[in-house]
Amino acid sequence: MAQFVREVMTAGVAAVRPDASLVEAAQLMRAQDIGDVLVARDNQLIGVLTDRDIALRAVADGVDPLTVSAQSVCTPAPVCVGPDDEVSTAVTLMRQHAIRRLPVVEDGLPLGVVSIGDLAEFQDPQSALADISRAAPSAGPGTGV
């Protein structure tokens, strides 16, 4: 059974520059079928930008997502874990901070993300959340399907 974050995380990083527009970030999320991107400068993590951040911190205020930067809407200095941290550490941090995703960072370099779905699959593969997390995405509006 996995004990370390590196064993359960989603490896690889979807990242945007701090000056990327919210449209650019949302297009990357759509292309990768993910709900967040890391905001990084010179491979150093600056923040995390979620689809919810875009909706609530920008679109709901009527700002133009073509002119607003990812850095201005992201959560700066996010709570992170390392690849060699125990899975229980990730669970504790998610509970304490009421967050669903944690960047996995080593020496400031983002390596991936561990999500609540990743942890559900690890802790209880038969749970509804684990089952949902494994499901293939369905075609939605704007996908051309």
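A pocket, on a 1 Å grid over the protein atoms alone, is an open set of points where a 1.4 Å probe fits, with protein on both sides within 12 Å along at least five of seven lines; its lining residues have an atom within 4 Å of a point. The model I am showing is predicted, so local features need pLDDT of at least 70 and side-chain atom pairs pLDDT 80 or more, while totals for chains, interfaces and linings use all residues. Residues are numbered from 1 along each chain, and side-chain values use heavy atoms, without hydrogens or water.

Now the second largest pocket. Sixteen residues line it, and T50, T75, I99, R100 and R101 lie nearest its centre. Which element gives the most to this lining? That is α3, with five residues. Helices here are DSSP runs of H or I of at least four residues, strands runs of E of at least two, numbered from the N terminus. β4, α3 and β6 each supply at least two lining residues.

Next, the sheet. It is open, with four strands in the order β2-β3-β4-β5 and mixed pairing; strands pair if DSSP finds at least two bridges between them. β2 and β5 are at the edges with a single partner strand each, so one side of each has no neighbour in the sheet. β4 and β5 run antiparallel, joined by two bridges, and G47 has P76 in β5 as its bridge partner.

Last, D84, in the loop between β5 and α5. The C-alpha atoms of D84 and F4 are 5.6 Å apart, although the two residues are separated by 80 residues along the chain.
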